[in-house]
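Let's take a walk through this protein, from its overall layout down to a few single residues. Have a look at the model first, then read on.

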Amino acid sequence: MTRVGIIGAGKIGGSLLVRLAESDSFELGASDVHQEYLAPYADQYGIWTTSSNRELAERSDLLIMAVKPWDVGTVVDEISPSVTGTEKAVTSVAAGVPISAIEKRLPEGTPVLRVMPNVCASVGLGSAVVTSNEPGREMLPTVMEIFRSVGDVMELPERLFDAATALHGSGPAYVALFADALIQAGVREGIPRDVAKRLVVGTIGGTSVLLKERSAHQVRDEVMTPGGTTAAAFVAMEKAGFVGAIYDGIAAAAEQARELGG
Ligand SMILES: NC(=O)c1ccc[n+]([C@@H]2O[C@H](COP(=O)([O-])OP(=O)(O)OC[C@H]3O[C@@H](n4cnc5c(N)ncnc54)[C@H](OP(=O)(O)O)[C@@H]3O)[C@@H](O)[C@H]2O)c1
C-alpha cells in the first residue's frame, strides 16, 4: 500500500485526509505546525500524525504539500534530506509555485508533481489539474487516483497552471460572490432572505448539471425568450460590464499566480 504523507492539515489537506481515510486505499500520515488541527484526524480516522515534516517524509512514499505558497520553500528544505533519489515523490498543490522551484531544492531526479485543486474537494466535488516533471510521470496515475477521491482530475501542461489557478482554483469564490449578489438582489426585490438563498443555491446547482449536458449558449438561449425578462437583464448586466469584469478578474488572478511563483 502506498504510504501518503500530507503536509498541512488545512482546507485542502484536511479534505484529502478525510476522503482518503474513508477510501482505505492508502496508508496515511499527516503533519502540521498546529497539533490541534491534527488531533481530529488521529482521533476519528486513526491517521498517524506528527508535527515534524521530516519524520513524515521518512515514513511516506508520496508527500503532498498542502501549505501556502510562501511556506513551500521551508517545507521542501525540511523534507529534502529524507527524500532520497527517486524513492519518494513530492507533490505540491500551491498556487503559482513552479515544479522547477521545488526540484532545485531536492535531490536530483526526485519525482515532483504539481496539482491545482479547488475547495469543492471538501464535499467530494472538486476539480483538479495535474502535471509532473519527467521522473514524476510514473506517479501520475497514483496522484490522479488520490485527487479523484475528492472530485474530477485532468492532466494539463504546466504552462497553463497559472491560468487554471485563476479559473477553477479561485473559481468557487467567484461563484459565491455571484450567489451573494443574486441573493441580495432578490432581497432588494422583497423576497425573504432564506427563500432567496434557497432559490439561488438550487438554481446554481441545477444549472451546473445542465451545463454538463449542454453548452453555455444553449442554456442561455433556452431561458432567453425574445423580448422577455432574461433578455432585459442581459442588456442591463452587459452594459454594466459584467462579462468584461470576469475577463479582467481572471487575468488579474492569473497575473497574481505568476507573481507568487516569482
Ligand atoms: N483553499 C483553496 O481554495 C485552494 C485552492 C487551490 C489551491 N490551494 C492551494 O493549497 C495550498 C493550501 O491551501 P489551504 O487553503 O488548504 O491552506 P490552509 O487552510 O492555510 O492550510 C495550510 C496548513 O498548513 C500549515 N502550515 C504552515 N506552514 C507549515 C509547515 N512549515 N509545516 C507544516 N504545516 C504548515 C498551516 O498553518 P498556519 O495556518 O499557521 O500557516 C495550515 O494549518 C495553498 O498553497 C493554496 O495555494 C488552495
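How many Å separate the centres of domain 1 and domain 2, taken over C-alpha atoms? The answer is 33 Å, and keep in mind that what you're looking at is a predicted model. Domain 1 covers 3–157, while domain 2 covers 171–260. Where the two meet, 7 residues of domain 1 are in contact with 5 residues of domain 2. The domain 1 side of that meeting point has 5 nonpolar and 2 polar residues, with no charged ones.

Zooming out for a moment, the C-alpha atoms fill a box of roughly 65 × 40 × 30 Å along the principal axes. The protein has 12 helices and 8 strands, and 33% of its 262 residues are buried. If you count contacts with a sequence separation of 6 or more, 64% of them link residues 24 or more positions apart.

Now for the interior. Nonpolar side chains tend to be buried together in soluble globular proteins. Here the largest nonpolar core has 55 residues, and Ile6, Ile7, Leu17, Ile64 and Met65 are the members that touch the most others. Helix H1 gives this core its largest share, 5 residues. Both domains take part, since the core draws at least three residues from each of domain 1 and domain 2. Pick out Ile64 if you want to see the packing up close: leaving aside residues up to four places away in sequence, Ile64 touches Val4, Ile6, Ile7, Leu16, Thr91 and Val93.

H1 turns up again around the ligand. There, 28 residues form the surroundings, and the closest are Gly8, Gly10, Ile12, Ala94 and Ala95. Helix H1 (11–23) and helix H4 (72–79) each supply at least two residues of this shell, with H1 giving the largest share, 3 residues. By class, the shell divides into 15 nonpolar, 9 polar and 4 charged residues.

Is Asp24 buried or exposed? Asp24 has 10 other C-beta atoms within 10 Å, so it counts as exposed. Compare another loop residue, Thr110, found between helix H5 (99–103) and strand E6 (112–116). Thr110 is buried, because 22 other C-beta atoms lie within 10 Å. Thr110 also pairs up in space with Val83: the two are 27 residues apart in sequence, yet their C-alpha atoms are 7.6 Å apart.

Helix H8 (residues 171–188) has 18 residues and reaches 26 Å from its first C-alpha to its last, close to the 26 Å expected at 1.5 Å a residue. After H8 comes Gly190, with a positive phi near 105 degrees. Helix H9 (residues 193–213) has 21 residues, so at 1.5 Å a residue it should span 30 Å; its end C-alpha atoms are 31 Å apart, which agrees. And why does H9 lie largely in the open? Of its 21 residues, the number buried is 1, so H9 is mostly out of the interior.

Key
Residues are numbered from 1 along each chain as its sequence is written. This is a predicted model: local features need pLDDT of at least 70, side-chain atom pairs count only at pLDDT 80 or more; totals for chains, interfaces and linings use all residues. A residue is near a molecule or strand if its C-beta atom, placed from the backbone, lies within 6 Å of it. Helices (H or I, at least four residues) and strands (E, at least two) are DSSP runs, numbered from the N terminus. Ala, Val, Leu, Ile, Met, Phe, Trp, Tyr, Cys and Pro count as nonpolar, Asp, Glu, Lys and Arg as charged, and the others, Gly among them, as polar. Domain bounds come from an automatic or database domain assignment. A residue is buried if 20 or more other C-beta atoms lie within 10 Å of its own, exposed if 12 or fewer, and partly exposed in between; C-beta atoms are placed from the backbone. The expected span of a helix is 1.5 Å times one less than its number of residues. A nonpolar core is a set of buried Ala, Val, Leu, Ile, Met, Phe, Trp, Tyr and Cys residues joined through C-beta atoms within 7 Å.
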